[in-house]
Amino acid sequence: MLANLRKNLFSPVLFLGWILFIICYLFSKQPNYLILLTFAQLVLVPAMVKIVVSFNKKGHVIMSVMMIAVTLLHWLADSELAIYLAIVYVLYTAFIALQGVTRFLHRGFVNIAEIAIDIGLIYILIGGLWFFAYIAEIDTGFSPLITWLTAIHFHYSACLLAISIGLFGRIHKSKGYNIVVLILLTGPLLVALGIAFSTIIEIVSVMLYIVAIYWLFKLTLKISLPKRQCILLQVSYGALCFTIVWSLLYAFGNFSGIIIVSIPGMLTFHGLVNCFLFGLIGVIAWGLEVPISTHQSYTFPVSRIRGKLHTTGDAHAGLVDALQDFVDTSHLPTVIPHFYEHTNCYQLIASVQWRAWFKPLAFIYQGISRWMQQLNLPLTSKQVEMNGVIVKVDERQDGRQAPRAWIRTIDEQTTFVAIYSQHTTAQTTFMNIALPLPFSTMIGILYVYEKDGDLHITSSNGGDAGIYLAMKHYVFRLPLNEHFTITAKNETTLSAVHTMRIFGLPFLRIDYQIERK
């Protein structure tokens with residue numbers, strides 16, 4: 001563990017940060033409270049970032065230049081160079097935020113613990129911008145001290161806390177944890193909005209924050225970690241249980257006009273405790289042993305087609321060659337396998353129903369979808385005939401097994417262009433469907449199963465199943481899910497229900513009447 005600590009807290013670039021901080025602490029000409037932010041800038045944030053991001057030589061150079069710029073500001077804050085030194089810090093925070101964005105684009109809306117780390121890395125840019133506003137004396141509508149407090153808020157309560165709870169999520173999974181993360185990740189923004197616009201929002205956000213912090217501390221009492229690391233983590237989160245009460249008293253004072261905790265009091269107690277007990281002890285706790293991410297990279301084949309589709313022009317009979325590849329068809333009415341294997345033999349009548357809350361977004365999106373000729377659905381719920389043709393796609397162009405495109409139109413306007421293929425992972429065969437978009441492709445990996453004589457196709461059944469977006473070499477999960485239920489009415493007629501959700505909220509339902517020609 002001590003070897004890990006030396007590596008994670010005292011590598012050459014981090015050792016430079018410690019030396020520069022000590023110089024600032026001993027010889028700075030700035031007010032004493034400014035050292036609280038400097039400690040985060042030179043020691044805590046770089047150490048926490050290096051725990052979750054692997055830097056090459058270029059990254060270490062960028063970090064070193066930032067440290068020197070922050071140090072020089074303690075003596076050059078009143079000079080013309082101050083703005084340029086602050087810009088160096090903003091560029092550094094933008095570089096860190098880019099690491100968070102890049103991490104997210106390799107994964108998407110999956111694994112809430114890793115998303116917390118991504119957001120923590122992105123939050124540091126907001127802290128950097130507020131720090132720049134303080135140094136450049138930009139009129140933010142607040143006093144210089146409040147501007148500085150907002151900067152330190154996004155370094156500690158946003159960046160450091162988000163990364164810390166993300167690392168905690170690598171070793172703990174529960175619904176309670178998910179709720180805690182949601183509150184703590186949105187909390188910094190809500191508190192900042194409250195400070196800017198409404199003391200009521202500020203009080204409510206702080207109260208939610210208190211609930212989440214105490215809940216988080218309770219979760220740490222149940223985890224299995226080496227004793228030394230566990231105690232340090234409990235001290236770190238326990239410190240927040242005390243300092244957050246100070247924040248509530250301060251917010252209540254702003255609301256009631258009765259000053260219970262002043263800003264100097266906040267700096268003395270809240271600032272110092274967060275700096276050393278939460279920040280430093282927390283970084284040491286994770287530096288002792290870094291939990292390994294549970295996320296595994298996507299390995300399923302992805303269509304290489306982006307933008308406009310070029311087909312071979314050769315007709316193909318069905319969406320799949322054999323439905324038996326995906327599911328035991330012995331319990332299905334014969335018309336269902338026949339539809340999937342001879343799709344061109346069937347006529348579709350569709351009724352599109354948008355949820356009321358989503359209709360304004362659908363209206364805005366319709367102009368884009370008409371231009372793309374993709375996902376181009378009508379706003380009306382009346383029944384419309386959906387014509388379709390299936391044609392082969394060059395396997396060398398697509399890169400997947402036996403691709404074929406199902407091109408569907410309504411009133412001669414292209415509605416869907418979906419390229420069907422399949423792949424097998426761990427003895428389960430999934431439908432692998434690509435919808436070409438400008439410079440990207442939406443990927444639907446769908447699991448197929450039979451229940452009570454109906455065929456179900458879903459994107460939310462674990463494994464590879466899900467809806468993804470592929471851009472260049474990035475493949476990331478979207479917060480979308482879809483489910484098809486296909487029912488046989490008789491030997492020649494089917495009905496199908498296609499439902500879609502975003503962030504778990506239903507927003508679209510399409511009812512199909514499918515009849516053999």
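**Close-up 1. Residues around the centre of the largest pocket.** L375, F416, L435, H498 and M500 lie nearest the centre of this pocket, which is lined by 40 residues. The model is predicted: local features need pLDDT of at least 70, side-chain atom pairs count only at pLDDT 80 or more, and totals for chains, interfaces and linings use all residues. Residues are numbered from 1 along each chain as its sequence is written, and side-chain values use heavy atoms, without hydrogens or water. A pocket is an open set of points on a 1 Å grid over the protein atoms alone, where a 1.4 Å probe fits, with protein on both sides within 12 Å along at least five of seven lines; lining residues have an atom within 4 Å of a point.

**Close-up 2. Volume and lining of the largest pocket.** The volume is about 830 Å³. Strand β12 (residues 505-516) gives the largest share of the lining, 5 residues. By class, the lining has 36 nonpolar, 2 polar and 2 charged residues.

**Close-up 3. The second largest pocket.** Its volume is about 610 Å³. Of its 23 lining residues, F109, V110, I112, I115 and F503 lie nearest the centre. Helix α6 supplies the largest share of the lining, 6 residues. The lining has 16 nonpolar, 5 polar and 2 charged residues.

Close-up 4. H153 sits in helix α7 (residues 144-169). H153 is buried, at 17% relative accessible area (buried means under 20%, with a 1.4 Å probe and protein chains only). H153 touches A158, P188 and V191, leaving aside residues up to four places away in sequence (contact means heavy atoms within 4.5 Å).

Key: Helices (H or I, at least four residues) and strands (E, at least two) are DSSP runs, numbered from the N terminus. Buried means under 20% relative accessible area, exposed over 50%, partly exposed in between (1.4 Å probe, protein chains only). Grid points are joined across faces, edges and corners, and a volume is the space filled by probe spheres set on the points. Ala, Val, Leu, Ile, Met, Phe, Trp, Tyr, Cys and Pro count as nonpolar, Asp, Glu, Lys and Arg as charged, and the others, Gly among them, as polar.
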